[in-house]
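Student: I have a model open and want to go through it piece by piece. Can we start?

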Amino acid sequence: MPWAEQSADTTWRVRYRRDDGTIGSISGFPTDTAANDHIADMEVAQRHGTWIDPAAGRITVAAWAPDWLASLDIDQRTEENYRSFLTKHILPRWGTTALADITNLTVRTWEKHLRASGLAKTTVDSIIKCFSLTLGDAADEKLIAANPIHARRRGRRRRAHRTPRKVWAEPAEVLRIADQIARIYAPAGAVLFITAAWTGARWGELAGLQRHHLHLVDDDTGFLVVDPDHGALHEPNRGPLYLGPPKTEESARTITLPPFLIPLLRTHLGTNTHPHVFVTPNQELHRRSNFSRRAVRPAADGNTHIPNPTHRLHPIKPGLTFHGLRHSHKTWLIDDGVPEIAQALRLGHVLADKVQQTYSHVATAVEQRLLTGLQTRWNKAIADNTTPPEDTTWRTTT
């Protein structure tokens, strides 16, 4: 219980006992009455659980950050990103600042300076988000009354920061890119690329796919399973690759395969004995950046600007990324009239309508129509493809 005591001839202070047994003090009251009025307000706030110890807010960001990081229970890559944001950006500017001295205005001014320094908008947004999470948890711990960072109410429009539309590809374009990947990288890379386009699976889900999660039932029926605990390959900034949960709970799912993929994958599995379905030509786990640099970028963008390359590659779909195959898959499903719930279940998405998500089910007929549409797209892509026969040997199945 707080109490008042005279601290000098003309001033009073309020003393209080903290949870850890130490004594806190709030000074500067001109009279005994003023000190007791403050005590009354303190006791009301304490009963409502809203009182904040003024000394708590004097903790600096540098002192609070290690405790905050230690409390996080997040993906390793995300934690590494947060540590990087703190070390490179947040602590150099705010490390010696008390939590209670941070205001939204000063943070937004700093944000403006970050943008002016040349950092990408997404990077600046991620830094501010990290800082906001840090301060939000400080508020939850009652170190400060509230998170000082809140959404902007005004600001000039920045057309240069408009998010570009994702590049997607038609089936014939995907097949031609796969042919070029087979030439410059390996046939296994072409199979990985085609599997991504015709399943809509994420990079980590396919790079982490293990043989026992791929089920090729007969000549035209099969499916792959994205395991809830080990269904994705994670790539930390430092340290070895590791298997862990996929992106969201909804990402743990079963993806049925169109008929043409069954013999293609069965033949592919016979080319190595690695526990994972898709590996590099050196029988190692894939890294996204390496596969993009060595396979996807040259195969999609072409290399006509390079003099005398080992293989001359013509541009097919410049700017297409591996993730763009996922957008391509969804576009195909929309074009085929596949119901939204079937799209969401296949891609591991969350529907905005929770009632529809809870009570909608994908009938066998709908799933079969979906697979038939994907098979038709493959057949048409093969028919429309004009690549010389020697570049298509990776498609041969036994």
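**Residues, helices and a sheet**

Tutor: Serine 27 lies in strand E3 (residues 23-29). Helices (H or I, at least four residues) and strands (E, at least two) are DSSP runs, numbered from the N terminus. This is a predicted model, in which local features need pLDDT of at least 70 and side-chain atom pairs count only at pLDDT 80 or more, while totals for chains, interfaces and linings use all residues. Residues are numbered from 1 along each chain as its sequence is written, and side-chain values use heavy atoms, with hydrogens and water left out.

Student: Is serine 27 buried or exposed?

Tutor: Serine 27 is exposed, at a relative accessible area of 56%. Buried means under 20% relative accessible area, exposed over 50%, and partly exposed in between (1.4 Å probe, protein chains only).

Student: And which residues is serine 27 in contact with?

Tutor: Trp12 and Arg13, leaving aside neighbours within four places in sequence. Contact means heavy atoms within 4.5 Å.

Student: Now threonine 280. Where is its place?

Tutor: Threonine 280 sits in the loop between helix H9 (261-269) and helix H10 (288-301). Threonine 280 is buried, with a relative accessible area of 13%. Not counting residues up to four places away in sequence, threonine 280 touches Tyr185, Leu285 and His286.

Student: Switching to helices. At what angle do H2 and H3 pack?

Tutor: About 175°, for helix H2 (residues 61-71) and helix H3 (residues 76-94), and their axes are 11 Å apart. Axes are lines fitted to C-alpha atoms, for helices over the stretch in contact, and angles run from 0 to 180 degrees between N-to-C directions. H2 and H3 are therefore roughly antiparallel to each other. Angles under 35 degrees count as roughly parallel, over 145 as roughly antiparallel, 65 to 115 as roughly perpendicular and the rest as oblique.

Student: Which residues of H2 and H3 meet?

Tutor: From H2, Val61, Ala62, Ala65, Trp68 and Leu69; from H3, Glu79, Tyr82, Arg83, Leu86, Ile90, Leu91 and Trp94. By class, this contact has 10 nonpolar, no polar and 2 charged residues. Ala, Val, Leu, Ile, Met, Phe, Trp, Tyr, Cys and Pro count as nonpolar, Asp, Glu, Lys and Arg as charged, and the others, Gly among them, as polar.

Student: What about H2 and H5?

Tutor: H2 packs with helix H5 (residues 121-140) at about 90°, with the axes 11 Å apart, so H2 and H5 are roughly perpendicular to each other. Val61, Trp64 and Trp68 of H2 make the contact with Cys130, Phe131, Leu133, Thr134, Asp137 and Ala138 of H5.

Student: Next, the sheet. What is the order of the 3 strands?

Tutor: The open sheet runs E4-E5-E8, with antiparallel pairing. Two strands pair if DSSP finds at least two bridges between them. Strand E4 (214-216) and strand E8 (254-256) stand at the edges with a single partner strand each, so one side of each has no neighbour in the sheet.

Student: How many residues are in the hairpin from E4 to E5?

Tutor: The hairpin joins E4 to E5 through 5 residues. E4 and strand E5 (residues 222-225) are joined by 3 bridges, and leucine 216 stands opposite glycine 222 in E5.
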